[in-house]
Amino acid sequence: MTLDVSYDPLQGNPLPVYGTWTPAEYEALGLMVGLEVHQQLQTRRKLFCRCPAGLFHAEGHDVEILRHMRPTLSEMGDYDGTALMEFKTRKEIHYLLKNESVCTYEMDDAPPFEMDPVALERAIVVSMMLDLQLVDELHIARKQYLDGSIPTGFQRTAIIGVHGSIPHEGRTIGIRQLSIEEDSCREVADKGHLRVYRTDRLGMPLIETVTEPDMHTPEEAASVCEALRRLARASGLVRTGVGAGREDVNVSIRGGTRIEIKGVSSIKAIPRLVHNEALRQRSLLAIREVLHGRGVTVESIVDASQDVTQIVHGTDWRYMQKHVSQGARVAAVPLAGFEGLINTPTQPHTRFLKEFSDRVRVVACIDLLPNIICSTSETETLSGFEWEKIEKVCGVDHGTPVMVVWGDERDVKTAVQEILIRARDAVAGVPEETRQSLPDGTNGFERILPGASRMYPDTDLPPIVIDNARTTELRACMPLRPWERMAMMREAGVGEDLARRLVKHQAWNLFARLLPRLKPGGSLIPTGLASLLLDRDAPRPLNEVAAGEWWDATIDRLAAGDLLVDAVVIGDEPLPSPLPADEARIRFETIVADLPADLPADARRPRAALRPVMKELRGLVPGATLARWTEEVSA
Amino acid sequence: MSGENGYDGYRGPALAKLQEYEAMVWSDVTVATTKGEFAGLILPRNEMADPEHIVLKMITGYNVGLHVGGIEAITIHGRKVANYKIPEKEFPFTEGLPRVKLLGTGGTIASRLDYRTGAVIPAFSPGELYGSVPELADICNLETEKLYGVFSENMGHEQWIGLAEAIGKEIAKGVDGIVVGHGTDTMHHTAAALSFMVQDSPVPIVMVGSQRSSDRPSSDAAINLINATRTAATSDMAEVMVCMFGPTSDQYGLLHQGTRVRKMHSSYRSTFRTLSDIPLGMVDVAGVTPFKDDYNPRRDDTDVKINAVFDDRVSLVYYYPGMKPDIVDSLVDNGYRGIVIAGTGLGHVNRPLYAALDRAHAAGVAMYMTVQTLWGFVQMFVYETGREIMELGVTPAANMLPEVAYVKLGWALGQTSDLDEVKRIMLTPISRDITEREPHNGYLVLQGGIPEVEAFMSGQWK
């Protein structure tokens, strides 16, 4: 029996909340998820200049730069749709610069220097860890970003490897490619036609790992993301901490479109975002079916917009009144064929109308909300009389949705066109978009999904031939991948729970280095070492460099019989040597003799009775010996 | 031989491998390699790159290079040729707008990718310009003509003469302003040449270029072109000017006198500066704002003096300590008729050069002294050295910039071989090439790090 996950927009039923669906429902919907995981590389310098990497300026700046972006042609001679959309926004872009972190390169006032060789090698190592096939010659490309996030208007980026994979929970997850690229600016404000960026992290080396769309449930997407992050960290070559790693999630359902969700703040947020995007696509596809049924086509949606400023001039709706009194123009856009659809839920607390509102906000830069109202919404806005007049001017009956937007004359013109574009997109179903993740687990329109047309070869830098001899050397000392770490621990007999904790723990490197020093049959076994390293009650030095000597000395003493594991577990510094056998026996008997005479010997718990003995001699006398002696005494 | 029969740029083993599979450039292919399969379009290869890699554009738009040694097979699926062309649109005519002529010489004001060298090459057509900068149609009725298509380092006296004559013809036809698109490296040389060769123009002559090529979203080309066109169309200053970014921000353009301007930074957008004077004015969306009132005003007539001559047997010698006399001797031996020296300080060279200068003077070579400090006047009376050098026949050229003096000397020698007449021409100011006064704010190079400068900068657009 196939599961029915269809949706009727004309019913407008509430959408299932995240957590109520099983994998079967997602499968019925044809959910596919892919990931783009970004991770800053640990380097001293930025990728294409000699500025220090890793400086962070929370506030303040020394100087400001103003720029505008214009679309340019791709290598194949096309304009990228995203670039044209961004150009419509007419954004003024401000960059805040600090002298310490930025030179003329980031300002786009100087050509690039050669790619940082350390960053390149580190990206190659991570590529090899993902089993990617390395390209022979690196070609640096310019990936256009007209949002201003990079002052050049493009990001320098190059593919290092393609066609890789990682094992994950019994499956193989395909890795499409890994690229090395320069990081972009941090946006600090975006209001109206003004966008402000901070430039501290601009130009830092970054790797982007792109998976195949091999994930089929929201949870799987999160766990693969976690695995990729862990793998990158296992390399020891990437930065950690706030902002050092970011991910984009690509979601589609059967019949839908690949939607890129950006700005995902944490891996924990992924499942809910994926679920809600799947539902949005389901609603949009259902809306499309209704439109098709009504014979609505891209061509039948024509611009019948009207200037209705005069009609709403004296409105009692104070919000509109305020704008009109400040000179705003008001336009009405009738959408025949969309009857009953505008209030269709697309995501939790979100209706189809928001798709229009988002476009108006992002492209026309009318960003005071609400920025759009609709004649068929239930919210109290204009009076029934005003709506009637608007419907009449637009030549539609009541029930046909009429959208109303207001603002600066030029912006309203753009807004009207965006409403029509979004309406036409509805006929196609799910428009190709990059969407912004929102804190409540929903997402909003950010821009049109950029395509291959935004790529352009970087004419400032020649291709870089990957040195095979060097990659062979790098491969020989490649760090162990998490699954290899697990295999190594299993082979050494480390318990599964301990191994799972240690595999992602900072103490791993120490463990891996010390493991070969443990003698077979010695008192300290691998599981013992693992639990010592992970023991939170008695923290021991874990930093590989600083702690190295301490652990080496300790293991040497254990091997020489000059130290008992119990003494290490107790952890009283300096770690005491074991007592000679005769002295130990004398101390034992003294303690036993000092025990209160009236203490009844509990036949079932002889050790409990002798706890004071253990407390005093543990770590000084081998545990087995103590156990034997206590047995004798209890008997 | 490379680039033959549709294998653009490939040579050696890479060419042989492609020919083996008849996989020409722009073929849509799957390449089986020892590392796995790669799918994409075969791109042309830069002729200067090695002959061992094949470049593939993958579906994602990324390019990768594959070593021929690892290629096991190439399967061809089809072909897709890049059509790199800015959508051309006919420039609209608007009644009542000024008539501006744009003369193209090359440079990055309009450019596209050149696969042969991997660099950008200039492209230029009115339709392309309108297609990429439609704002121009709000300013003027634009006509364009491509005179040359060269990088600015290849602009020389032949092109200067051709350009001056073309400008003369356009002025005679009654245009309201002229814009000259030019590479930035030698824009100030050409600006100086036009300042001398085109005199008493009734309309503005505005040179413009870009520091970031127009194939970049952040390019300054469009704004520069808009500013220059606005100046040519509306400015009252009928001067030869260079119009380029004032600050690096997209704020305003500065209008520099053609004889006082110099490119002062290898890559900054705001590279052009007026030296020993203030710029003529500035231009932004609001229009042109002159900084001075003693410019040549726009006129209604079509009269202009074109004097397009040049003798290229002139050299510019940049003096350095320890320079040997043979440098000067070799110029004389090779028949040079004029030498401009960029001397140290107020205009000096070392004593060992004296004999060579004396020989040059005797041979009838015209010699002029300028300063390598760039700012300030030559003054050869202050020190004995200066007087001695003047005795040897070297004439101080006031505050003419070295490159300007070089251009002016070639132009003067193109008109006459009478050295007194040459001297009269050289020392007669034509277009502020020599100024009487150097204003205090003609030398303004702020130094970072100084607290008051840092405070000033934090409140200004950089």
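Colleague: Before we start, what should I keep in mind about the model and its numbering?

Modeller: This is a predicted model, where local features need pLDDT of at least 70, side-chain atom pairs count only at pLDDT 80 or more, and totals for chains, interfaces and linings use all residues. Residues are numbered from 1 along each chain as its sequence is written, chains are lettered from A and ligands numbered from 1 in the order in which they are written, and side-chain values use heavy atoms, with hydrogens and water left out.

Colleague: How do you know which residues of chain A and chain B are in contact?

Modeller: Contact means heavy atoms within 4.5 Å. By that rule, 55 residues of chain A are in contact with 63 residues of chain B.

Colleague: What makes an area "buried", and how much do chain A and chain B bury between them?

Modeller: Buried area is the accessible area, found with a 1.4 Å probe, that two parts lose on being put together, summed over both. For chain A and chain B that comes to about 4700 Å², with 53% of it on carbon and sulfur atoms.

Colleague: Which element gives the most to the side of chain A that touches chain B?

Modeller: That is β7(A), with 7 residues. Such labels come from DSSP runs, numbered from the N terminus: helices are H or I with at least four residues, and strands are E with at least two. The residues on this side of chain A divide into 23 nonpolar, 17 polar and 15 charged. Here Ala, Val, Leu, Ile, Met, Phe, Trp, Tyr, Cys and Pro count as nonpolar, Asp, Glu, Lys and Arg as charged, and the others, Gly among them, as polar.

Colleague: How do you know that β5 of chain A and β4 of chain B pair?

Modeller: Two strands pair if DSSP finds at least two bridges between them. Strand β5 (residues 137-138) of chain A and strand β4 (residues 63-67) of chain B have 2 bridges, so they qualify, in the antiparallel sense. Within this pairing, Leu138(A) stands opposite Val64(B).

Colleague: What order do the strands take in the open sheet of 7 strands?

Modeller: The order is β23(A)-β5(A)-β4(B)-β3(B)-β2(B)-β1(B)-β5(B), with antiparallel pairing. Its edge strands, β23 (464-465) of chain A and β5 (71-79) of chain B, each pair on one side only. Strand β1 (residues 27-33) of chain B is joined to β5(B) by 7 bridges, and Val31(B) stands opposite Ile74(B) there.

Colleague: Why are β14 and β18 of chain A said to stand at the edges of their sheet?

Modeller: That open sheet has 4 strands in the order β14-β15-β19-β18 (chain A), with antiparallel pairing. β14 (306-307) and β18 each have a single partner strand, so one side of each is left without a neighbour in the sheet. Inside it, β15 (residues 329-334) and β19 (residues 402-407) of chain A pair over 6 bridges.

Colleague: What makes the bond between Leu369(A) and Pro370(A) stand out?

Modeller: The peptide bond there is cis, with omega about -5 degrees. Pro370(A) sits in the loop between α8 (353-363) and β18 (372-374) of chain A.
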